[in-house]
Structures are given as C-alpha cells and as structure tokens.
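Here is a short note for a colleague coming to this structure for the first time. Please read the points in order with the model open beside you.

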Amino acid sequence: MVGHLLLCILLFLTIQFNDGAKLPLVQKKFKTLNGGQPEVVALGGYSGFFPSSSMSAYDFAHDISMPGTIQYCNVHFSKDNVGFCIAQINLMNTTSIEEYDPKGVKEYNVYGQQVRGYFGVDYPANVLFENVTIRQNIYTRSGVYDGSPLVGPFQLLEDRKKMPARVWLNIENYMFYKDHKIDVESFLLNKLPQLPEFLSSPEIGFLKSIGAKAAKFKTKLILTFLGLDEVEPTTKKPYGSLIKDLSMIKSFASGIVVPKEYIWPVDKAKVLLPATTLVQDAHKAGLSVYASSFANDRLWSYNFSYDPVVEYVHFTDNSEFSVDGVLSEFPSTASEAIGETPPNLLRFLRFPLVTLVVSRNNLPVLITGCINLDKKAPREVHTLIISHNGASGDIPSSTDAAYNKAVADGADAIDCSVQMSKDGVAFCSDRADLMKTTNAAALFIERSKNVKEIQSADGVFSFELTWNEIQTLKPKIESFFPDLPRNPVNKNNAKLLTLPEFLELAKTVGAHGNAAFLASTKGLDLVGTVSSALSHSMFDKQTLHKVMVESDDTSVLDAFKNVATYERVLYLKDAIGSVPDQAVQEVKKYANAVNLRRNSITVAENSFIANFTHTVPAFHAANISVYVGYLRNEYQNLALDYLADPYVELATLTALQVDGFLTDYPYTANLFSRSSCLNEQSPYVIMPVQPGMMFPQEGVAEPPQLSPKDVVDPPLPPVAKAPSPPPAATPNKQTSSTTNTLRVSAQSLYFAAVVLLLTIYT
C-alpha cells in the first residue's frame, strides 16, 4: 500500500447556551404580499423523480413535502372534452401513445409553431385513460417508474385520506383548444365539483373569460409568463412588454407566474446579475408573484454552488423581497428552505408543531425552514465538517482562497494536502501530479513522465519541479462531472501556499503525499518533514489543539505513535462491506479513527441505495471514529434516492452516525449542521433514506470484507540520498497537442482542522 499522510489539528471551544427556559415561538414575517410564508407548488407532483403528472408523483409530493403543498396540474384535453394532467400538449415524449398508435403522428400549428407528434384532441378520453401511460420525459432522469395511467384533475381534489387537497390547474393552450371545439370552461365548471384554489394560464383571454365565474369560488387567477420574447396569444404582445403594465394585469388577475430570470437575471457565464424590482413592483400593484423553473438537477447559476436550498432562499427570504410561492419539480427541497407552517394550515399537519429551541439571549425564536442560514446559530448536528482541499467546489483546490472560503463557510476542519517540490519545499496541492489542478501541462509538458507507483498515466509531478517553477503555475478549478462544470470565474483566482504559509493561515498543519515513494526514490522525507513542522509549531507539546494524523499506510501511522496527543486515522481507500473483529483489532493497534469512502457505508446499485453496510457500528464498537468522503453537491454525485438534494445525503449519513464529513462544499454541511432537519418536532423534517425505499432490489452484493492482512503494511524504506538538482528549466509556454486522461491511483489527505474557525477568525 502506498503511504499517505493526514494531519488534523482541532481546536475545541466550549460554548454555553441558555436552554432551560421555554422560549416563545414567533412565526416569521416574510416580505410576501400578505406577510405569510411563500407557497410550495409541486409542479406535476414530484416530477423531479417520478414521471410528471403521474399519481405516484402527486402522492410522493404530498407525503414528503411540507404540509399545505399545492398540487399543480397542467391540463390538456381529449377529443370529447375531458381534461387530464400532462406536462405538455405533445404526448409523444411524455406518454406511451406511440406504442398504442404507431401511425397516429399528426402535425398542428400551435401558436405559430408547427408541432409534430400526438395530441389529446385526436383521441376520446376512454382510449387515453385505458391505453396510454405516462413516461419520464427528461431523459437524464430515471425511467423506472414509467407506466402510470393518466390522471384527471378531479382525482387531485382529495388526498388519499379523503382530505381536501390544495390544487392549482394551468390551462396552457386555451385558444388552440377553442379552435378545435373544446370547451375548456364547460369542463371546469360542469365536470369538476368546484374550481380549484388556483387557476392559471399564459393566455389573457381565458383569464378574462372565466374571471366572473371564478370569483364565486374565490379562485385565484394567475397569469403565467413565458419567455420575454414569446408572444401572448390574446394581445399579440411579447411577455417582456406585458410585464411592464402590472396595473393592467391586476384588472383580471391576482398574481403572476414568472421564470426565475425575470427576478434574478443571469449573464452568459451563468453568474447572477443584480435582482430586478419586479417582485416589489408587483406587490405595490397588489399582485402575488410566483417563481417557476426550480429543479435540483439543472444548472442555472454558479452562485449557488449546486446547493438548491441556497437558490430557493435567494427568492424567498432575502433582505429586499420574497416571492409568494415557488413552482418546483423537487418540492421537498423547497420545503427545507421554507418549511414554516402557517396557522391556517395546521389541520394539514402530520406531526406536531413544537420545536425544541436554544437561544443565547432568551429572545423569541423564529419558526422558519429547517435549513438555517444563520452561520452563528447553535449547532444541532455535531458531526465534524472537514473541507476537502478547502472549499474546492467553488475555488481552485488547496489554495489560499479555498482555505479562506472554507473558514468563512464554517468548516470545522481545513486541509492542506502537502506535496514536495524538487528542492524540498513543502506546499499545498491536491496531488503530486499538477496537470489537473494547475496549468502545468501548458508550461512543463516536456517534463511529464510516468511514475507507476503513483498513477498509470503520465503527469507533471511536483517532485520534478523546483518551487520557483511551481510558483509560475496558475491553479485552476477542477470539475468532476462533464455536464456540471464548476464556476469558471474562479478558475485562476487563487495561489498555492507553502506549508509555513498554511500554518500561518490556520495555525494548524496538514499534508498529503506519497510517503513511501518519496522516501525511497527521491530523497524527500515527507513523514520527517511533517513531523518536524508539527514539532516546530509546538503541537507535540500542548493539549489545547488536537492533532489527527491520517495515512493509508500503518507504518506511517506507527511513526507518529510516540506523541500521545495525536489521533491517528487509517484511510481505507477501497470499498469494504463488513469488518470482522480481528480486522477491527488490527486497525485499533495503529489508529483511533478510520476514513471511509461512501461506498463502504452505503451500497448503491443502478444508482439506488440497496444496502447499508455494518462498517460504522463495527468500528464504533471498538471506539474507533468513522469519517466519510467525498461529499459533493453536484446531483450526479448523489444516489437517486437522495432526490438530487445534498441535504438528504447528509441526513442519511448523520442517521448512520458517522463522525465526520469530508466535503468540497463545507458551506452546505455547515447549514445542515445548524438546521433542525432531523428533529421530528421541526416544522419540516428531512427523512433519511432507507435501502430499497425508492426502488427495491434483490441480490445486491456488498463490497468485500476487510481482511486483517490488508490492514498492516511493511515498514517504510529508508530515505534515499537526494541527487544534486540540475539547473532550473525555463517554462515551455507552448501548449502541447497531447491530452492525457489522468486518474490518481492512490489518494488520501492530510487534514488541518480547527473547530469553530468562523468564531476564531471573525
């Protein structure tokens, strides 16, 4: 096993809270039109997971979202004037109709666009409801739940317990159906027992036509805005023009639905521009504003760091305004951000509205969403938050800016992955090969070589460059998913740090490197360098700070055994499914804790969680702590059970009692740690995933058992005498035409950790 090191220095502070008194609970006043909480509208039910507008989607939205969530049905019509819920007028991609009628393709003009496909107006209702099923129409989402029958609006008026449900019907193509002799108003008024609470349309003509009749039912009429340049069918004016005449809209509607860009524009680089005043202007005109197009699995702006809760809060709880509702394909995530229960919805509660709260000053406590954006709020979850190369999800990894952001974001631990330059300078970098994290390929491609002890591909390695040469490199942000790039604005906005500079920044030490390889072939004593740095900083002679030394090599850990204050962590980089007692006892000889990959704790098959392993309880039984990594917000890093929501993964790992998270996004973990999302008495509760809950699977094999012989490594080789360094080379500024795909074959970390860094540095 190739040795690596991890150092963590933890500064523990004690904070006292006044938690004995009962504190008054105060409902938060939002900057909505009526001062109440924003509404959560389930767009086609839980369409981010189930096929849109299927009964499974509606039932799941009811079960997992906050009480009072509104069910949204986009209504289209059959040949005999019967409405049904479906995502769009063309049934080709949203249903199985092509299998039922392979030759039934037709072409219609829909508001100036020639649309080719299948349309409800060509089939009677009994044919559609009896022979056609709904499909997932977004192909990046799973299709395992395809095959549900169509749903009629009348099926949504009551939930499964026969309780009244809140319903929003959208009439998308009123004029098209009128031209085809479909009487939309007759269906709504004669075939439904009553009009729904919300009725919307992108067509002004429909809203004006049904206005007087809707008033009898106290139905809220909402004008749905499409793209700024799209033309509204009744007035023949672009929606971008109509949005400037809010008083005219108020004459027939009580609110508007707008795409997010109407409120928070983004530039071509997907960076937020200043917010418009649309919400404030609409509120002055007496109009409610509902924002649409929310989905966890679509990149909209880099500003949110792939954290969907932060995106919602930008719209629902900023200092200037709050929208009156959000239309979401993932309503449970919207519930996390809002999660307050208004008094008039208490009858919908499925759990009591009693919140256990802690206050520093006995002031009333606001009941808000379960995710708390106050970084100074008390910690509800005390799992250690360890940054992975600083805040590397937002900033180039292992740089000054990444560490500063991790500190500001509330990490308990910041990490410096230490490499060695050719002339023996220790510095922070994610790996010895600098090609993926810097522009080394452009400057030093002629120095690339293959080092099989580290990786199979060629690389430009730190130990082949002097520190002066390394300083000419520009760090770049690394993305792990091709379709989900990280913020390119920050790609060169940072600098690499030497180990002493990192010590000065954090007053802690961290390192990462290939200890055995460096010691045996390059004359670079990484273990000795780190040990000396710790000693020089007096960390081996104090008890205030807790030092953690991690390696995947027991011989490295053994080198630090004489300092009683150091906690040693064994990194198990390969997936394990179970740990027999003999293996646990071997680990305990060398380590007080283990660092596991996620697949050693949760076993996924077909992207669904199939099993939990018994590794955490096995190590805990021997008083060995368990840390898990690497956590990333990007939805492609998440099992489908997590609903493209990083908070669900955090909740699940917390329920499994892990002791620490290793994360590229410490801000998200910090928000979770200060949330009430796991408290069953919270206004909204995130339910941890259970194996097979979303998609049962049988016969899924667990990773192999950890064998005792796989724990212990041979002694470290002696340090080789370093050869005399050649004269420093001049960087080659010509970009190579050769591209190498690199994969590091052995990885681990040094962690430098400070608990409550935010408190220390502010």
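1. The side chains of R486 and E634 meet in a salt bridge, at 2.7 Å from N to O. A salt bridge here is a side-chain nitrogen of Lys or Arg within 4 Å of a carboxyl oxygen of Asp or Glu. The pair links distant parts of the chain, 148 residues apart. R486 sits in the loop between α14 (467–470) and α15 (499–506). E634 sits in the loop between β28 (625–631) and α21 (646–655). Helices (H or I, at least four residues) and strands (E, at least two) are DSSP runs, numbered from the N terminus. R486 and E634 are both buried. Buried means under 20% relative accessible area, exposed over 50%, and partly exposed in between (1.4 Å probe, protein chains only).

2. A word on the source: this is a predicted model, where local features need pLDDT of at least 70 and side-chain atom pairs count only at pLDDT 80 or more, while totals for chains, interfaces and linings use all residues. Residues are numbered from 1 along each chain as its sequence is written, and side-chain values use heavy atoms, with hydrogens and water left out.

3. How many salt bridges are there by this rule? The count comes to 25. One of them joins D412 and R379, with the closest N and O atoms 2.9 Å apart. This pair also links distant parts of the chain, 33 residues apart. D412 is in the loop between α12 (400–408) and β18 (413–414), and R379 is in the loop between β16 (365–367) and β17 (384–387). Both residues are buried.

4. K561 and D558 form a salt bridge at 3.5 Å, N to O. Are these two buried or partly exposed? K561 is partly exposed because its relative accessible area is 46%. D558 counts as partly exposed too, at 29%. Elsewhere, salt bridges that share partners join E39, R166, E197 and K220 into one network.

5. D552 lies in the loop between β23 (545–551) and α18 (554–558). D552 has a relative accessible area of 0%, so it is buried. Its side chain makes a polar contact of 3.5 Å with that of K573. A polar contact is a pair of N or O atoms within 3.5 Å; within protein, one must be able to donate a hydrogen and the other to accept it, and residues adjacent in sequence count only if both atoms are side-chain atoms.

6. Now α21. The helix is mostly covered: nine of its 10 residues are buried. Among them are Y647, L650 and L653. The cover includes α10 (308–316), α11 (331–337), β27 (608–612), β28, β29 (660–663) and α22 (666–673). At the start of α21, a side-chain oxygen of D645 reaches to within 2.9 Å of the backbone nitrogen of Y647. Q657 follows the helix, and its phi is positive, near 65°.

7. S201 belongs to strand β11 (residues 198–201). S201 is buried, with a relative accessible area of 0%. Which residues does S201 touch, leaving aside its neighbours within four places in sequence? They are N170, I171, F206, L207, I222, L223 and T224. Contact means heavy atoms within 4.5 Å.

8. The largest pocket has a volume of about 1100 Å³. Of its 39 lining residues, N74, A87, N170, E172 and L226 are the closest to its centre. β4 (70–77), β7 (113–117), β13 (255–259) and β14 (288–294) each supply at least two residues of the lining. On a 1 Å grid over the protein atoms alone, a pocket is an open set of points with protein on both sides within 12 Å along at least five of seven lines, a cavity is a set where a 1.4 Å probe fits but cannot get out, and lining residues have an atom within 4 Å of a point. Grid points are joined across faces, edges and corners, and a volume is the space filled by probe spheres set on the points.

9. The whole structure holds five cavities of 30 Å³ or more. The largest cavity has a volume of about 160 Å³. It is lined by 17 residues, with N296, R298, Y306, D307 and E311 nearest its centre.

10. Last, the chain as a whole. It has 23 helices and 30 strands. Of its 762 residues, 57% count as buried.
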